[in-house]
Amino acid sequence: MISVDSVEKACSEVGDYSDEKMVDEFDRFFRAQPAICDFVVELTHESGLKVQELSLFLAYMIFKTIETHAVDPVIKVTPEIIEAGYRDTESWMERLSAADGTELQASIATNLQADAEPYLLQYVISELNEPMEDGTQLNDEEKGEVFFVVKTVIESFNNQSKGRIIESE
């Protein structure tokens, strides 16, 4: 499990990046995790630039946080692992959607606490509730889409670290 300290450390590091350093970091992320980046772009290409950019940024932040936390280098995630992560996220979302209005809050809280990466999810949720750089907010549908994409990224990194199908460079 990623600690809250690792999340805060990654956020602090990235917050201090210059624009040039951020571009370099994204280039590194695209080289290190091409399947993750392709997945995010493919799933969000019809959703508008705000959704795609936020999804890519949060996917990078997940990668950066895992990298900050890990002792060993982060292994490249394969499309097969992402597919398994996608199915895991669908199941997670189905469990949530099975709850009705009054049970929904309790169901969300229970699922977050039981999740393998509660601090990463809390970070993602807090970012989704922040205004964009231009001051606008995502609507609920856009937030749900970004959440689904990023939850899949988290599940993919978890599945990869559990030793399902691991591919090294």
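1. F26 and F30 are four residues apart in helix α2 and are therefore separated by about one helical turn; helices here are DSSP runs of H or I with at least four residues, numbered from the N terminus. The model is a predicted one, in which local features need pLDDT of at least 70 and side-chain atom pairs count only at pLDDT 80 or more, while totals for chains, interfaces and linings use all residues. Residues are numbered from 1 along each chain as its sequence is written, and side-chain values use heavy atoms, with hydrogens and water left out.

2. On burial, F26 counts as buried at 17% relative accessibility, whereas F30, with a relative accessible area of 33%, is partly exposed. Buried means under 20% relative accessible area, exposed over 50%, and partly exposed in between, with a 1.4 Å probe and protein chains only.

3. The rings of F29 and Y60 have centres 5.8 Å apart and planes at 75°, so this pair is edge-to-face. Rings of Phe, Tyr and Trp (its six-membered ring) pair if their centres lie within 6.5 Å, and planes under 30 degrees apart count as stacked, over 60 as edge-to-face and the rest as tilted. The pair links distant parts of the chain, since F29 belongs to helix α2 and Y60 to helix α4, 31 residues apart; both F29 and Y60 are buried.

4. By this rule the count comes to ten aromatic pairs. In one of them, F26 and F30 have ring centres 6.3 Å apart and planes at 40°, so that pair is tilted. Ring pairs also link F26, F29, F30, Y60, F63 and F157 into a cluster.

5. The largest nonpolar core has 43 residues, and those with the most contacts inside it are I36, Y60, I62, V124 and F157. Such a core is a set of buried Ala, Val, Leu, Ile, Met, Phe, Trp, Tyr and Cys residues joined through side-chain atoms within 4.5 Å. Helix α4 gives the largest share of this core, ten residues.

6. Leaving aside neighbours within four places in sequence, V124 is in contact (heavy atoms within 4.5 Å) with L58, I62, F147, V150 and I154.

7. Of the 20 residues that line the largest pocket, L54, F57, E127, M132 and E133 lie nearest its centre. A pocket is an open set of points on a 1 Å grid over the protein atoms alone where a 1.4 Å probe fits, with protein on both sides within 12 Å along at least five of seven lines, and lining residues have an atom within 4 Å of a point. The largest share of the lining, five residues, comes from α4.

Definitions and conventions: Helix = DSSP H or I, 4+ residues; strand = E, 2+ residues; numbered from the N terminus.
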